[in-house]
Amino acid sequence: MSDQSTRLSQLVDAEGGRLYALLTRLTLRRDVADELLQELVVRLGQSEGFRRADDPLAYARRAAIHLAFDWRRGGKRRRRTEPLVEEPAVFPPDALGKLVDREELERALAAMDRLSSSSRSCLVLHYIEQLSYGEMAEQLQMTPHQVRAACHKAIRRIQKILGAEPSNPAPKEAGDE
Amino acid sequence: MNSPEDRTILRQLEVLSRIEPDEASARLALEHARAAVRDLSVATAGGPKGHVRIRSRLFHFVGGLTMRQRMAAFGSVGVAALLGFLLLWGGLVEKPASAMEKMAESIRKAKSYKCLQIVQLTDDYPDPGAPSVTEGRYTVYWLASGSARTEIVHPGQGWKGPGPEYTQIFPAGKPSIHIDHRTKKFYRYPVPKRAPYSSVFDDLENLSKFSAEPARELGTKQINGKIARGFQIDMKKMDAENPEPGRAEIWIDLQSNLPVFVRYEGMKGLGCSNIQEDRDIQWNIDLDPRLFDPTPPKGYTDATPKPPTLEEQVRQIARSLRIYAQASGGRYPQNRVNSLDTIQDLCRILGVVKWPGGEEKGNAGKAAEAIDGFDRMGDLLHYDFDAAYHGKTVTPRDKDKVVFRWKLDDGRYEVIFGDLRSETVTAERLRKLEGK
């Protein structure tokens, strides 16, 4: 087994569950998250950046975010096989989970797709993956206060995007049929 | 202060963060991923090719030298290092750590400060058509009394001026004002409980505490007519609480021991990087007090979000506390009060469950009714409204004890008692009520 494969194997063993959870949160589909995790492994295996990355998880996490939003953007049209039954993500079992429905989350994720890559990463890492500003600064190579500013800016932007089209749900994509 | 729209998106993100795949699907996905790794290692047996690291190239070069050439090369490096060491050891120059300490002390004694701060962010994955490098220019004014002002321009992003795109004014101990010159609107914000009021000033505060050894010396040069000595420092050492990767270059005026130029460079990689330079730094200059006057320009519209009326605030807070106490068997929230944490806590107490099996339990509606009041309490505690929460010691049975209070604009206090009655009282009466 090459060094790259060993590195990848260790990452999947140690952090595969976290990456799968992240992909599930961003796609709201377990079957899609499963497929994207495999695609992520293949891409990382061929990536010189991953080979050189000081923090393989941070690199993989960022690549997973790109993959998930690429899928949301229409990449799912390219999927070779479609499942007969969609496997939706499991919503949190509490009141907050009840107060926010799937359609709202789809809209929020579609709005996130319209942010710049760095803003999107900030939102995902801080609010969804719940990393601290300090941890994110390490991964994004920014200062914590820049990360904090970027997160606030991203919230403003996403709020503006959602406010501009309050009743427009995210456009339906092929895989949702 | 978070607006209702902010809270909506924050709640949506919070729900996303708590979506967990079930164990069976996670196990299956991991098996698929491991199979993909195995397939990949078969396909790429022999390892990646064609990548030669710089370090390898260096050793390849050294390996190509004759033994005499190698001795000469390493000998020169060794002699230079020994000379440098002797120079430092001999005390021919001031020790760097001491120079840093002097700088920190001089900053702490400074009365005022002005500089041009340029922040350049590089995004390797910009939006289609957007530039990969963006720049923000902040003219920063600061007074030791605690007042500050920033004027912000983003060159190349359509603003034609005159003047800055935004102005932020933070008068000491008073509400701040954020002025948007593009839309001719302004927003007022309450006084936060503690500085720094803006991240622009974090670095200055960090430098005023810095005393660690620099990574290396950069020599001396003339900057803005002053002879300055340069040091490179590891940014991780600048802020022990929030260590961050990267390096800073600081040039210190030999006469005043104050920085005249600072450059922060975040480490590159992973799609984005940043460089910040503090230029044209002027210390201890006279700054016009009008710079810190928070009066908005004539003709600008006040776009500050309006808080609910006092009666509405009291009603919301009392309702939230009542719901919590009823759910928890007669206790008010025991931890810090804010929207997300307290509501989450309340959900847990109410036993609100809708998964697995789709069967609903608990009372999600009650939790939703409590959100506004806890939001408001969180805001009052965050900003400087002299708010205090005594829920750890006060229960619904303590009808004469204060469970929550905050200061009103007229100097009096709004008080909510343990039995959730409310009253507007003077500061003196509050002291008696709180047993001080």
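Me: Why is helix α2(A) called oblique to helix α4(A)?
Reply: The axes of α2 (residues 30–45) and α4 (residues 56–72) of chain A come within 10 Å and cross at roughly 130°. Angles under 35 degrees count as roughly parallel, over 145 as roughly antiparallel, 65 to 115 as roughly perpendicular and the rest as oblique, so α2(A) is oblique to α4(A). Keep in mind this is a predicted model, where local features need pLDDT of at least 70, side-chain atom pairs count only at pLDDT 80 or more, and totals for chains, interfaces and linings use all residues. Residues are numbered from 1 along each chain as its sequence is written, with chains lettered from A and ligands numbered from 1 in the order in which they are written.

Me: Which residues of α2(A) and α4(A) meet?
Reply: From α2(A) you get A:Val32, A:Leu36, A:Glu39, A:Leu40, A:Arg43 and A:Leu44, and from α4(A) A:Ala60, A:Ala63, A:Ala64, A:Leu67, A:Ala68 and A:Trp71. Contact here takes C-beta atoms, placed from the backbone, within 7 Å. The residues of this contact split into 10 nonpolar, no polar and 2 charged.

Me: How do you know that the length of α6(A) agrees with what it should span?
Reply: The expected span is 1.5 Å times one less than the number of residues. For the 12 residues of α6 (residues 102–113) of chain A that should be 16 Å, and the end C-alpha atoms are 16 Å apart, so the two agree.

Me: What makes up the buried set in α6(A)?
Reply: A:Leu105, A:Arg107, A:Ala108, A:Leu109, A:Ala110, A:Ala111 and A:Met112 are buried (20 or more other C-beta atoms within 10 Å of a residue's own). Across chain A, buried residues make up 52% of the 177 residues.

Key
Axes fitted to C-alpha atoms, helices over the stretch in contact; angles between N-to-C directions. Helix = DSSP H or I, 4+ residues; strand = E, 2+ residues; numbered from the N terminus. Contact = placed C-beta atoms within 7 Å. Nonpolar A, V, L, I, M, F, W, Y, C, P; charged D, E, K, R; others polar. Buried ≥ 20, exposed ≤ 12 C-beta atoms within 10 Å, placed from the backbone.
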